[in-house]
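Visitor: I have a structure to go through. Could you take my questions one by one?

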Amino acid sequence: MSPSAFKVATYNCNSIRARLDLVLEWLDREEPDVLCLQETKVTDEEFPSDPFAERAYHVVPHGRKAHAGVALLSRQEAHGLEFGLEGIHGADDARLVKGTFGDVSIVNTYVPQGRAPDTSHFQHKLEWFDRLRHYFDRRFTTDELLLWAGDFNVAPDDIDVYDPKRLAKHVDFHPDARSALKRVRDWGFVDLFRLHHSDEPEQYSFWDYRVRDALERGMGWRLDHIWCTEPLAQRSTDCWIDVDARRAERPSDHTFVVATFEL
DNA sequence: ATGGTAGTAAAACTA
């Protein structure tokens, strides 16, 4: 059997309804096998599935009204669907969806942002990572083809933010958040972007709307990630960040991260 | 950035 190309992308769209045209144009151009969306900000009933179905994409939404929400878009139908994290209920559900495509499982997460380090919301973020680590412990082994993608709301290392000293107390670069993320990574994940672009500075996936000309001034963060187990990393051919999508008209404050494989 | 902007949804809340 000859190897086949497999392309996965992740995008925090900040409302799928507000970003529908941008996402459709990107899909038409890039034709990924799977696109993981975060911050869809829509109930499953209201998710605009039709234009995706017209393009032969299956949609698995897991959303809620107004905030958060994730979705899997895929050319193959997903099997083995799982929604949410054990112990996370109510308004903070709608942050995880898992689907399996052939022998590749994909977990798409929108990690809680955390608001401020001295709040219960930040403690909840740390606990969320611990629950996610338990989820991987319980549900998968590191010799499986598993991919974890999404808005992790953490920049892993100094190289992943524009000013590590200034941002040290921010919830997306706080030492406690970074070590919580590291505990999940230590389960057995490879950061695909760094696998292909080790030591490359100023490679970001997020630029705050509120910072004037943040993109032009290089004031970014690498918060959106595609990580996978070692056997899948061995089949990885490339990983890149599509900065141009952040320059589009009415963009999200995040942009697309893409990974390709030969399965 | 003790600011700022964007989206939801109809006044704040979330990011």
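Visitor: Which are the closest to DNA strand B?
Guide: Of the 17 residues that surround DNA strand B, the closest are S15, A66, R166, Y209 and R210.

Visitor: How are residues and chains labelled, and what does the model require?
Guide: Residues are numbered from 1 along each chain as its sequence is written, while chains are lettered from A and ligands numbered from 1 in the order in which they are written. The model is predicted, so local features need pLDDT of at least 70 and side-chain atom pairs count only at pLDDT 80 or more, whereas totals for chains, interfaces and linings use all residues.

Visitor: What is the order of the strands in the open sheet?
Guide: The order of its 6 strands is β3-β4-β2-β1-β12-β11, with mixed pairing. Strands are DSSP runs (E, at least two residues), numbered from the N terminus, and two of them pair if DSSP finds at least two bridges between them.

Visitor: Why is one side of β3 and of β11 left without a neighbour?
Guide: β3 (58–62) and β11 (236–242) stand at the edges and each has a single partner strand, so one side of each lacks a neighbour in the sheet.

Visitor: How does β11 pair with β12?
Guide: β11 and β12 (residues 256–262) are antiparallel, over 6 bridges. W240 stands opposite V258 in β12.

Technical notes:
Helices (H or I, at least four residues) and strands (E, at least two) are DSSP runs, numbered from the N terminus. A residue is near a molecule or strand if its C-beta atom, placed from the backbone, lies within 6 Å of it.
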